[in-house]
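Biologist: I'd like to learn how to read a sheet and its surroundings in a model like this one. Could you walk me through it?

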Amino acid sequence: MTQYFDALETRSADERAADIATQLPQQIARAKTAASFARLLEGVDPDAITSAEALAQLPVLRKSELSRAQAENPPFGGFTVKPAHGFAHIFQSPGPIYEPGGVDHDWWRMGRFLHAAGIGQGDIVQNCFGYHLTPAGMIFENGARAVGAAVLPAGTGQTELQVTAARDVGCTAYAGTPDYLKVILDKADDMGVNLKFSKAAVGGGALFPSLRQEYADRGITCLQSYATADLGNIAYESPAMEGMIVDEHVIVEIVTPGTGTPVAPGEVGEVVVTSLNPDYPLIRFATGDLSAVLPGQSPCGRTNMRIKGWMGRADQTTKIKGMFVRPEQVAALVEKHDEIVKARVIATRDGEMDAMTVKIESPGGDKDAYAKSVIEVLKLKGAVEVVAPGTLPKDGLVIEDQRVYD
């Protein structure tokens with residue numbers, strides 16, 4: 001019988017919606033006490049935002065905006081409800097971007113994933129995520145503490161010492177990037193050392209099926225999570241290994257890249273997350289990652305929405321004829337004409353020159369007017385093709401680069 005982390009994982013849809021209807025207005029009201037969110041959400045009535053559908057009317061917060069705000073008002077840009085000294089940790093990710101961290105019970109919500117991976121009391125986790133400046137090491141350590149596991153804070157590098165420590169300490173579980181576990185195992189083979197790993201909780205990179213199978217052949221069950229430094233855990237695999245289950249303390253939307261508009265169910269789009277963490281209430285934070293909702297419920301019995309996992313990057317910014325074309329511009333083109341359903345910019349080569357075609361889904365419309373809008377919005381001239389609604393692929397791409405560079 002499956003043992004769940006808590007009762008939240010098996011709530012009915014109605015129970016989950018009722019809890020969100022209570023928590024979400026409180027979180028938005030809390031966010032508005034932070035100076036930058038007060039400006040971003042000016043005029044928003046928190047009591048009117050009680051569902052993911054209602055969230056869609058609010059602006060999206062992008063990492064580029066967060067970075068600019070932090071540069072002007074360090075370290076957190078006015079997006080936290082506590083001063084910097086009120087947090088347990090302050091991290092720096094490339095950019096630089098600064099993220100707050102806490103040590104309260106499961107602050108990053110990683111314990112839920114580790115529990116699903118079978119890690120708990122009696123386990124010793126060799127934590128090979130980095131501890132220096134970036135938060136991944138502390139995120140997983142905090143999660144291990146939440147499930148009662150001990151931690152060997154190994155970090156990365158010094159593989160021979162990693163093997164020796166894993167053997168001497170008796171580590172039973174691994175946490176780190178998917179491929180580094182293989183480095184440790186291969187080194188252990190070279191050293192003639194038998195390790196006791198039987199579980200692995202990985203993230204921060206692609207877990208290829210062949211690699212997962214190699215671990216399984218060694219007796220190691222390997223599951224992956226989807227987390228970011230800003231948000232903590234967003235979604236995670238269960239032993240069912242069918243998609244990734246959304247964490248119980250975030251709300252995930254899938255939107256058209258460059259916009260805040262939700263896509264149709266099952267379509268690929270950008271992952272936008274609202275965190276219910278009271279210390280750092282990120283509202284509609286755009287991750288820049290692509291995914292899609294997976295229909296149905298996980299066979300493991302967890303009832304929350306599932307996503308297909310990481311499916312690429314949403315930032316499809318592409319240079320055409322020396323000019324950058326951004327997803328936000330494609331979105332602006334769509335918004336310029338009420339009858340346009342969606343649009344797709346395609347970059348190709350014509351001899352030694354760049355060429356651009358803009359395919360526009362519309363039931364009709366004035367092609368010449370669309371061409372004029374393309375020049376106004378994209379700042380480039382290109383061929384315009386009007387296609388019937390439903391024609392363009394539902395793969396999340398709004399800018400497709402077909403150029404080949406040999």
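Modeller: Gladly! Let's begin with a term: two strands count as paired if DSSP finds at least two bridges between them. Keep in mind that this is a predicted model. Here, strand E11 and strand E12 (residues 285–291) run antiparallel and are joined by four bridges.

Biologist: What holds such strands together, and which strand pairs with E11 over six bridges?

Modeller: The general idea is that strands of a sheet pair through backbone hydrogen bonds, either parallel or antiparallel. In this structure, strand E10 (residues 250–255) pairs with E11 over six bridges, in the antiparallel sense.

Biologist: What is the order of the strands in the open sheet?

Modeller: The order is E10-E11-E12, an open sheet of three strands with antiparallel pairing. E10 and E12 each have a single partner strand and stand at the edges, so one side of each has no neighbour in the sheet. On average, neighbouring strands of this sheet are turned by 30° against each other, direction ignored.

Biologist: Which residues should I click on to see who faces whom across the strands?

Modeller: Start with Val 271 in E11, which has Ile 254 opposite. Towards E12, Val 273 stands opposite Phe 285, and Glu 270 stands opposite Leu 290. As you look, remember that in a regular strand the side chains alternate between the two faces of the sheet.

Biologist: How many residues of strand E11 are buried?

Modeller: Seven of the seven residues in E11 (residues 269–275) are buried, so the strand is mostly covered, where buried means under 20% relative accessible area.

Biologist: What is Thr 274 in contact with, leaving aside its neighbours within four places in sequence?

Modeller: The contacts of Thr 274 include Leu 24, Leu 55, His 249, Val 250 and Ile 251, along with Leu 282, Ile 283 and Arg 284. There is a polar detail too: a polar atom of the Thr 274 side chain lies 3.0 Å from the backbone nitrogen of Arg 284.

Biologist: Let's turn to rings. How many aromatic pairs does the structure hold?

Modeller: It holds six aromatic pairs. Take Phe 37 and Phe 79: their ring centres are 4.9 Å apart and their planes are at 85°, so this pair is edge-to-face. Phe 37 lies in helix H2 (residues 35–40) and Phe 79 in the loop between helix H4 (63–72) and strand E1 (89–93), so the pair ties together parts 42 residues apart in sequence. Phe 37 is buried at a relative accessible area of 0%, and Phe 79 also counts as buried, at 5% relative accessibility.

Biologist: Which rings form a cluster, and where does the charged end of Lys 82 sit?

Modeller: Phe 91, Trp 107 and Trp 108 are linked into a cluster by ring pairs. As for Lys 82, its charged end sits over the ring of Phe 87, 4.8 Å from the ring centre.

Biologist: And for contrast, is Lys 372 buried or exposed?

Modeller: Lys 372, in helix H11 (residues 367–378), counts as exposed at 54% relative accessibility. From Lys 372 to Leu 195 the C-alpha to C-alpha distance is 66 Å, and the two are 177 residues apart in sequence.

Notes:
Residues are numbered from 1 along each chain as its sequence is written. This is a predicted model: local features need pLDDT of at least 70, side-chain atom pairs count only at pLDDT 80 or more; totals for chains, interfaces and linings use all residues. Side-chain values use heavy atoms; hydrogens and water are left out. Buried means under 20% relative accessible area, exposed over 50%, partly exposed in between (1.4 Å probe, protein chains only). Helices (H or I, at least four residues) and strands (E, at least two) are DSSP runs, numbered from the N terminus. A polar contact is a pair of N or O atoms within 3.5 Å; within protein, one must be able to donate a hydrogen and the other to accept it, and residues adjacent in sequence count only if both atoms are side-chain atoms. Contact means heavy atoms within 4.5 Å. Axes are lines fitted to C-alpha atoms, for helices over the stretch in contact, and angles run from 0 to 180 degrees between N-to-C directions. Rings of Phe, Tyr and Trp (its six-membered ring) pair if their centres lie within 6.5 Å; planes under 30 degrees apart count as stacked, over 60 as edge-to-face and the rest as tilted. A charge sits over a ring if NZ of Lys or CZ of Arg is within 6 Å of the ring centre and within 35 degrees of the ring normal.
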